[in-house]
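Okay, thanks everyone for coming. Let me put the model up and then we'll walk through a few bits of it.

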Amino acid sequence: MNKPFIIRGDIIFSNQDKSLNVNKNSYLVSDGYKSLGIFKRIPKKYKDYELIDYKGKLIIPGFSDLHVHAPQYQYRGTGMDVELMEWLEKYAFKEERKYGNNTYAKKAYKMFVDELKNGYTTRASIFATIHREGTRILMKLLEKSGLSTYVGLVEMDRNSPDYYRQASVEEALKDTEQWIVESQLFDNTYPIITPRFLPTCSDELMAGLSELRKKYNLKSQSHLDENPLEIQFVMEIEKDVDHYSGGYIKFDMFGLDHDCIMAHCVHNNEEEIKLLKDRGIFVAHCPESNMNVTSGIAPISKYLDMGIRVGLGSDVGGGSSLSLLRAARQSIQVSKLYRRCIDMNLRSLDSKDAFYMLTRGGGEFFGHVGSLEKGYEFDCVVVDDSKIKTLLNDSPEERIERLLYLGDESLIVAKYCKGKKII
């Protein structure tokens with residue numbers, strides 16, 4: 001464990017009801033791993049701890065990226081001319097195949113990890129590729145970065161090009177189990193079961209992955225109800241289920257007994273929405289990706305108001321940037337379009353909703369993460385928002401809103417993950 005310490009500044013985090021907990025010019029104490037609490041004055045029992053003074057600067061929880069494809073980083077910001085299913089064939093699969101070359105994987109993944117480390121993100125749940133060694137290269141780089149992440153070896157054995165699929169169910173499951181065992185060597189980088197999505201995973205593969213998940217007590221992640229053409233394809237090949245979610249449920253890969261992320265959830269029907277709530281699914285909301293590959297707008301305010309667990313995802317390369325600040329402001333903007341163009345009965349999101357999803361909402365997937373109150377793992381970012389020029393004497397709420405809309409990585413002064421300073 002790292003040495004205990006104290007940082008001083010303007011400390012803001014989300015309460016469970018999404019309101020802001022504001023502690024101006026206060027002291028945040030860490031035992032080197034977790035928060036010991038926030039105080040207006042340093043308690044006597046902590047008086048010998050090192051004090052790091054960030055007076056006047058914002059101290060906020062680190063952000064959690066619930067959905068990102070590391071191998072798609074290289075072509076981010078390009079290839080936005082087609083819808084999802086064609087986009088996979090035209091761009092994603094062709095790029096991801098390259099990660100069978102370890103030299104390429106090392107160079108490409110280093111770029112991804114370097115940018116992730118130097119942003120506001122402290123936690124992430126990441127898709128790699130079908131290549132076991134390439135995925136281990138990514139995990140080694142992430143382990144060295146100081147970030148805390150889940151990484152998935154992607155599973156695909158059907159409905160994908162011959163050049164990019166696993167040769168057989170038996171080989172895929174053997175490779176996956178070996179990778180799971182090898183991953184136990186890492187301290188902050190964890191394996192997560194990752195069927196890409198139902199179209200590319202046979203029933204036999206899904207059943208085997210479910211058994212591995214249970215055997216090693218792992219979490220899972222996949223995609224759900226992202227695009228109308230995708231949903232149509234799923235219902236054509238999954239004859240024994242009533243909806244997309246049913247294809248995961250029949251293999252015990254849809255929450256209930258484990259933490260599970262489903263990315264997108266744009267077009268879920270009412271029965272599926274109830275299942276998201278009842279089974280404790282984490283929804284990874286990826287607003288930019290949903291626009292770029294012409295998928296639609298998820299009704300996120302409805303999910304939040306129902307108590308469904310929601311975080312944000314950059315979803316590079318459907319999304320063009322790893323910046324979760326960008327994802328936050330886009331989530332607000334598309335919710336306004338949803339209200340105006342689709343359903344006036346739903347409220348728009350505001351900056352407090354977005355800040356909650358960035359921190360506490362997504363952080364809950366990683367455990368006691370996403371807040372700065374006592375007992376939470378010490379993930380935080382120190383921000384010099386005075387660089388955002390204005391003559392106004394902003395309230396704490398306005399400082400957070402301005403950060404979401406105008407902030408970037410140049411404002412970061414320091415960043416901590418699990419009590420360790422990594423920037």
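Across from Gln 221 you'll find Ile 261 in β12.

Quick housekeeping: this is a predicted model, where local features need pLDDT of at least 70 and side-chain atom pairs count only at pLDDT 80 or more, while totals for chains, interfaces and linings use all residues. Residues are numbered from 1 along each chain as its sequence is written, and side-chain values use heavy atoms, with hydrogens and water left out.

Back to β11, residues 220–224: 5 of its 5 residues are buried, meaning under 20% relative accessible area with a 1.4 Å probe, protein chains only. Ser 220, Ser 222 and Leu 224 point one way, Gln 221 and His 223 the other.

Now helices. α3 (residues 132–145) and α4 (residues 169–183) pack at about 20°, axes 10 Å apart. They are therefore roughly parallel, the word for angles under 35 degrees. On the α3 side, the contact (heavy atoms within 4.5 Å) includes Arg 132 and Met 139, and on α4 it includes Asp 175 and Trp 179. The contact residues split into 2 nonpolar, 3 polar and 4 charged.

Last pair: the axes of α12 (residues 351–363) and α13 (residues 396–406) come within 10 Å and cross at roughly 70°. So α12 is roughly perpendicular to α13, which covers 65 to 115 degrees. Phe 355 and Leu 358 of α12 are among the contact residues, as are Ile 400 and Leu 404 of α13.

How values were computed. Axes are lines fitted to C-alpha atoms, for helices over the stretch in contact, and angles run from 0 to 180 degrees between N-to-C directions. Helices (H or I, at least four residues) and strands (E, at least two) are DSSP runs, numbered from the N terminus. Angles under 35 degrees count as roughly parallel, over 145 as roughly antiparallel, 65 to 115 as roughly perpendicular and the rest as oblique. Ala, Val, Leu, Ile, Met, Phe, Trp, Tyr, Cys and Pro count as nonpolar, Asp, Glu, Lys and Arg as charged, and the others, Gly among them, as polar. Buried means under 20% relative accessible area, exposed over 50%, partly exposed in between (1.4 Å probe, protein chains only). Two strands pair if DSSP finds at least two bridges between them.
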